[in-house]
Amino acid sequence: MQASIEPVSLAEATPCPSGVTALLSNVLCGDFCCGCGACIAVCPRNAFQLRADGIVELRPSYDTVLCRGCFLCARVCPSLEEGSRRRFEERRAARSPVGLGQTRATVRAWATSNRIRKKASSGGAVTGLLLWGLGSGLFDGTVVTGRNAEKPWLPHPMLTSDPEMVVECAQSTYAITPALTAFRNQQGCGSSDSVAVVGLPCHMRALARIEQLRGLLPWKLPKIAVRLELACSSATLISGAKSLIQTVCDVRLDQVAEVKYREGDYPGCFCITTKDRRKVSVPFWQMVTHFQQFKPWRCQVCSDWVSGLADLSFADGTDDPFSLSRSGQTGVRQSFVFVWSRRGEDLLRSAVETGYLGCEESIFKANAGLELKKKRLAEATKVLNGRGNIELLANIHTRQWAL
Ligand SMILES: Cc1cc2nc3c(=O)[nH]c(=O)nc-3n(C[C@H](O)[C@H](O)[C@H](O)COP(=O)(O)OP(=O)(O)OC[C@H]3O[C@@H](n4cnc5c(N)ncnc54)[C@H](O)[C@@H]3O)c2cc1C
Ligand code: SF4
Ligand code: SF4
Ligand code: SF4
């Protein structure tokens, strides 16, 4: 777990003279960062960096007198938005449901290509849609997250227009991910005019805020053609994957050549390939259980399983992949898709009509990740209700609420 830092009550936070102070006192010092990378992406002074566990910190060499006071960092941070603060402070009653909102449709979908399904987390619907969108010219680039070539336990967000790279990046990386930094690094990948963005609910929140600042950013924001969101129970600190590799797989980090989180028959295994081509895998349920000790603080009190800001959201096609994995059985590769917008509906329909995806109507009943999230949130809220402010939450890091 991360070291405890001086806690700050959101309720008591005073108005700040600059964005960096607002971010420091409300998010970073209270440990509410989810590592989305938005502040790193937008700061013209390059004030922020990732800590080893994936959460953001002020660069030790950064002197806040250099700060332009532009407030960009504070304005894009999903943990600092007013709505989010209100939810932390007022609206998280123990019995309140994690609202999913009104959908246009709910379906199960899958990539028709065997190769994509085999590489994907569940049905490969996200990757199938991206390939259709790139191939049809609907967008000419996409933000995806693969794994770092040298340290493959680290997520590697990128903006790419290469369909092969999109397939390579298929499969969930269950780690805290600075997806929004892909925009800042886009120069290296050629310039895209219109892009798809794949991300978690907190990424979608930050993206919506970044879009409002178009023109004020230190780089050109392409048109966002479509937002594809992965439903999210929680992410895991980078130390989670490192610990799994070292203690459960019994492999030294310097021996790891490749990391996959959902490899093999559905629901898949955490699988590493060593430099001497040895494969070591851990069943999905055991990975999830191990990761429970390594949850970012922000994820423990995040109410968004889906954000309501994406065009389409994607979840596992079976209600409970954890129990399926635990029973030793395997299942069919399908993704559950929530259709939120007309744009999402059109995209899905076109991908099905052109043969990229298979699809059938389906009513959403349950999801183990969503239930887990509700339970964790209710636990956090009990404490919130008992003492009424965030300070207490920030003080009890070591309590394990992952289940
Ligand atoms: C941290 C996390 C928590 C999740 N929690 C749940 C849950 O509780 N319940 C549930 O049903 N599903 C959950 N999912 C979603 C699920 O794992 C699948 O991603 C989803 O079913 C889509 O599968 P697919 O086969 O269609 O996607 P794929 O075709 O495999 O494509 C996945 C896409 O997601 C991108 N991606 C991978 N990891 C990340 C990341 N960390 N951040 C941003 N983009 C990424 C990849 O670049 C790729 O484009 C979670 C995913 C993540 C990453
Ligand atoms: S320069 Fe702007 S974005 Fe960077 S830390 Fe200061 S206020 Fe935040
Ligand atoms: S939540 Fe995102 S924007 Fe906010 S401090 Fe963390 S990385 Fe930066
Ligand atoms: S639980 Fe919330 S804050 Fe954490 S990674 Fe998921 S969407 Fe982001």
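Biologist: What makes strand β8 and strand β9 count as a pair, and in which sense do they pair?

Modeller: Two strands pair if DSSP finds at least two bridges between them. Strand β8 (residues 256-263) and strand β9 (residues 269-274) have five bridges, in the antiparallel sense, so by the definition they pair. V259 stands opposite I272 in β9. The names come from DSSP runs numbered from the N terminus: helices are H or I runs of at least four residues, and strands are E runs of at least two.

Before we go on, this is a predicted model: local features need pLDDT of at least 70, side-chain atom pairs count only at pLDDT 80 or more, and totals for chains, interfaces and linings use all residues. Residues are numbered from 1 along each chain as its sequence is written, while chains are lettered from A and ligands numbered from 1 in the order in which they are written.

Biologist: Which residue takes a positive phi in the hairpin of β8 and β9?

Modeller: That is G264, with a phi near 90°, in a hairpin that has five residues between the strands. β9 also pairs with strand β10 (residues 279-283), again antiparallel and over five bridges, and V282 in β10 is the bridge partner of F270. Four residues lie between β9 and β10 in their hairpin, where R277 in the turn has a positive phi of about 65°.

Biologist: Why is I363 called exposed?

Modeller: A residue is buried if 20 or more other C-beta atoms lie within 10 Å of its own, exposed if 12 or fewer, and partly exposed in between, with C-beta atoms placed from the backbone. I363 has 6 such neighbours, so it counts as exposed. I363 sits in the loop between β13 (357-361) and α15 (368-387).

Biologist: How many residues surround ligand 2, and which are the closest?

Modeller: There are 15, and G19, V20, C43, C67 and C73 are the closest. To be near, a residue needs its C-beta atom, placed from the backbone, within 6 Å of the molecule. α1 (19-28) and α3 (72-76) are the elements that give two or more residues to this shell.

Biologist: What kinds of residue make up the shell around ligand 3?

Modeller: That shell has 13 nonpolar, three polar and no charged residues. Here Ala, Val, Leu, Ile, Met, Phe, Trp, Tyr, Cys and Pro count as nonpolar, Asp, Glu, Lys and Arg as charged, and the others, Gly among them, as polar. C33, C36, A38, C39 and C77 come nearest to ligand 3.
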